[in-house]
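Reader: Could you walk me through one part of this structure up close? I would enjoy a connected tour.

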Amino acid sequence: MPEGDTVWRAAAELHEALAGRLLTRTDLRVPKLATTDLAGRSVLEVLPRGKHLLTRIEGGFTLHSHLRMDGAWRVYGADERWRGGPDHQIRAVLATAERTAVGYRLPVLELLRTADEDSVVGHLGPDLLGPDWDPDEALRRLLADPDRALGEALLDQRNLAGIGNVFKCELCFLLRASPWLPVGALPRPDRAVSLAKRLLEANKRRLARTTTPSARPDRRLWVYGRTGRPCLRCETPIRVADQDPGPQARVTYWCPRCQPDPPATATP
């Protein structure tokens with residue numbers, strides 16, 4: 001599931017493959033960009049911004065993409081067969097003489113002026129993996145609505161950019177806090193900010209996301225995806241519920257013993 005760590009790795013791979021090289025072929029398979037041709041321009045850099053990817057191209061252009069739930073970029077050698085999915089899932093092709101970057105299942109793909117990047121990422125809070133990281137500002141934003149549930153506040157990219165549902169659940173567990181606890185009632189809320197930074201930094205170069213000390217594949221995460229299985233700390237069965245019912249609802253995993261007092265509306 002793409003979160004800040006996954007997007008950071010994708011940007012690093014795309015930057016290594018494309019930056020400083022001339023595009024020999026481009027194919028942007030969304031209706032608005034179907035006739036756009038960027039061939040003959042150089043890629044300047046590829047940057048992550050929270051869960052967004054910004055590919056800056058000569059001439060003052062930025063190709064903005066977002067992976068959301070199952071989007072992905074794959075990089076191939078010039079003669080290598082593409083293996084990221086069927087052709088109908090391809091949304092973007094950026095080719096140089098040596099490498100080809102292929103974007104699969106991209107729900108967001110748009111071309112804008114680099115000077116206008118703030119129109120798509122300017123609302124984001126401090127980026128946990130970015131050069132603009134500011135823990136004091138992140139904490140200020142997180143506490144701006146003290147009655148908001150902790151899990152919802154952590155997911156809000158306007159507070160901290162880069163946390164997705166996996167890190168939300170894992171952070172709440174490590175903080176020993178219910179995801180439904182009002183963020184203003186969290187003891188040492190600054191620890192939530194510093195721990196989020198440590199977790200994403202530790203995982204940005206890992207292919208297998210890990211938040212526990214264990215190297216076992218089935219024990220790399222404390223609670224996420226472990227419904228009904230024993231808590232790795234206290235052996236109480238892990239529970240699951242939807243948080244914040246609505247179009248942006250996310251499934252939340254938690255241990256009722258290590259993270260006590262979820263509300264009555266959180267059902268097993």
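Is Y253 buried or exposed, and at what relative accessibility?

Author: Happy to! This is a predicted model, where local features need pLDDT of at least 70, side-chain atom pairs count only at pLDDT 80 or more, and totals for chains, interfaces and linings use all residues. Residues are numbered from 1 along each chain as its sequence is written, and side-chain values use heavy atoms, with hydrogens and water left out.

Y253 is buried, at 13% relative accessibility (buried means under 20% relative accessible area, exposed over 50%, partly exposed in between, with a 1.4 Å probe and protein chains only). Its aromatic partner is Y224, with 4.9 Å centre to centre and 65 degrees between the planes, an edge-to-face pair (ring centres of Phe, Tyr or Trp, the latter by its six-membered ring, lie within 6.5 Å; planes under 30 degrees apart are stacked, over 60 edge-to-face, the rest tilted). Y224 sits in the loop between α6 and β9 and Y253 in strand β10, so the pair ties together parts 29 residues apart in sequence (helices are DSSP runs of H or I with at least four residues, strands runs of E with at least two, numbered from the N terminus).

By the ring rule there are four aromatic pairs. In another of them, W180 and W254 have ring centres 4.8 Å apart and planes at 75 degrees, so this pair is edge-to-face. W180 belongs to the loop between α5 and α6 and W254 to strand β10, 74 residues apart. W254 is buried at 0% relative accessibility, and W180 is buried at 16%.

Strand β10 (250-254) also meets helix α5: the buried residues of α5 pack against β10, among other elements (contact means heavy atoms within 4.5 Å). In α5 (residues 165-174), 10 of 10 residues are buried.
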